[in-house]
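My entries follow in the order in which I looked things up.

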Amino acid sequence: VMAVDTPMYFKRGSVGRFLPGIEYRLEQIPSVEEGGRLFVKGANVMAGYLRDTNPGVLEPPQDGWYDTGDIVRVDEDGFVFILGRAKRFAKIAGEMISLTAVETEINALWPGKMHAVVNIPDEKKGEQLVLFTTEPTAERTALIADFKAKGLSELAVPKTIKIVEEIPLMGTGKVDYVKLKEMAMN
């Protein structure tokens with residue numbers, strides 16, 4: 001636990017403030033204007049990784065800094081707001097795109113249906129987005145028009161749309177993004 005939310009220190013939408021003794025730094029991410037990738041250091045940060053490739057050897061985080069994989073912003077009062085996970089971002093033509101934000105926009109356009117976005121390699125732009133949706137009328141021109149009308153980057157519009165009867169879910173009920181990524185690659 002790096003941050004805590006307590007009744008005394010509460011701000012809606014945040015996960016709380018850093019615990020005493022926790023240092024943090026944010027690594028700049030292109031097109032994420034407020035915030036960055038969170039690295040933490042402190043007494044209660046794990047001692048290191050035990051990897052099957054190097055049995056019995058503890059590999060400490062580089063210079064003691066642990067990469068949380070979270071993209072966050074920290075406000076002027078020290079409250080932490082999670083913007084997303086690094087693995088739920090795609091880099092398209094040098095711009096970082098939040099897959100969760102793209103899904104949120106598509107949910108607003110076609111409510112009542114299921115939508116999931118994954119990123120796959122693209123020879124020209126680095127990565128591309130693939131939308132899986134249960135919306136039978138889904139088409140890219142409608143997405144482009146919606147994103148433009150809201151002032152959103154056309155780079156965030158999925159390049160490919162795959163209409164499916166259902167989105168694969170894990171046992172927990174969450175979207176199975178690993179399965180979707182496999183489906184997108186085929």
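**Entry 1: Arg25 and its rings.** I started with Arg25, which lies over the face of Phe39 at 4.2 Å from the ring centre. I then checked Trp65 and found that Arg25 lies over the face of that ring too, at 5.1 Å from its centre. I note here that the model is predicted, and I read every value below as computed from it.

**Entry 2: the aromatic pair.** How many aromatic pairs does the count come to? I get one aromatic pair. The partners are Phe18 and Tyr24, with 4.4 Å centre to centre and 10 degrees between the planes. I list the pair as stacked, because planes under 30 degrees apart count as such. I also looked up accessibility for the two partners. Phe18 has 16% relative accessibility and counts as buried, whereas Tyr24 has 37% and is partly exposed.

**Entry 3: the sheet of four strands.** I traced an open sheet of four strands in the order S3-S4-S7-S8, with antiparallel pairing. The edge strands are S3 (23–27) and S8 (80–85), and each pairs on one side only.

I then went through the pairings. S3 and strand S4 (residues 36–41) run antiparallel and are joined by five bridges. Within this pairing I picked out Leu26, whose bridge partner in S4 is Leu38. S4 and S7 are also antiparallel, over four bridges. Here I noted Gly36, which stands opposite Val72 in S7. As background, side chains in a regular strand alternate between the two faces of the sheet.

**Entry 4: Met46.** I followed the chain past S4 to Met46, in the loop between S4 and strand S5 (49–50). Is Met46 buried, exposed or partly exposed? I have Met46 as partly exposed, because its relative accessibility is 32% and the band for that class lies between 20% and 50%. Leaving aside neighbours within four places in sequence, I found Met46 in contact with Pro61 and Tyr66. I looked at Tyr66 again for the spacing: Met46 and Tyr66 are 20 residues apart in sequence, and their C-alpha atoms are 8.0 Å apart in space.

**Entry 5: positive phi.** I searched the backbone next. Most residues other than glycine have a negative phi. Asp63 is not a glycine, yet I read a positive phi of about 55 degrees. I placed Asp63 in the loop between strand S6 (58–59) and strand S7 (66–74). Asp63 counts as exposed because its relative accessibility is 61%, and the cut-off is over 50%.

Ala93 lies in the loop between strand S9 (89–92) and strand S10 (95–98).

**Entry 6: Arg88.** I found Arg88 in the loop between S8 and S9. Is Arg88 buried or exposed? I have Arg88 as buried, because its relative accessibility is 13% and buried means under 20%. I then asked which residues Arg88 touches, not counting those up to four places away in sequence. My list holds Ile97, Ser98, Leu99, Thr100, Glu103, Val117 and Tyr177. For Tyr177 I also noted a polar contact, side chain to side chain, at 3.2 Å from Arg88.

**Entry 7: the sheet of three strands.** I then traced an open sheet of three strands, in the order S11-S12-S13 and with mixed pairing. Which are its edge strands? I have strand S11 (115–122) and strand S13 (160–163), each pairing on one side only. Neighbouring strands of this sheet are turned by 25 degrees against each other on average, direction ignored.

I checked one pairing in detail. Strand S12 (residues 126–133) and S13 pair in the parallel sense, over four bridges. Phe132 has Lys162 in S13 as its bridge partner.

Notes
Residues numbered from 1 in each chain as written. Predicted model: local features only at pLDDT ≥ 70, side-chain atom pairs only at ≥ 80, totals over all residues. Heavy atoms only, no water. Pairing = 2+ DSSP bridges. Helix = DSSP H or I, 4+ residues; strand = E, 2+ residues; numbered from the N terminus. Buried < 20%, exposed > 50% of the residue type's maximum accessible area, 1.4 Å probe, protein only. Polar contact = N/O pair within 3.5 Å; in protein donor to acceptor, adjacent residues only side chain to side chain. Contact = heavy atoms within 4.5 Å. Phe/Tyr/Trp six-rings, centres within 6.5 Å; stacked < 30°, edge-to-face > 60°. Lys NZ or Arg CZ within 6 Å of the ring centre and 35° of its normal. Axes fitted to C-alpha atoms, helices over the stretch in contact; angles between N-to-C directions.
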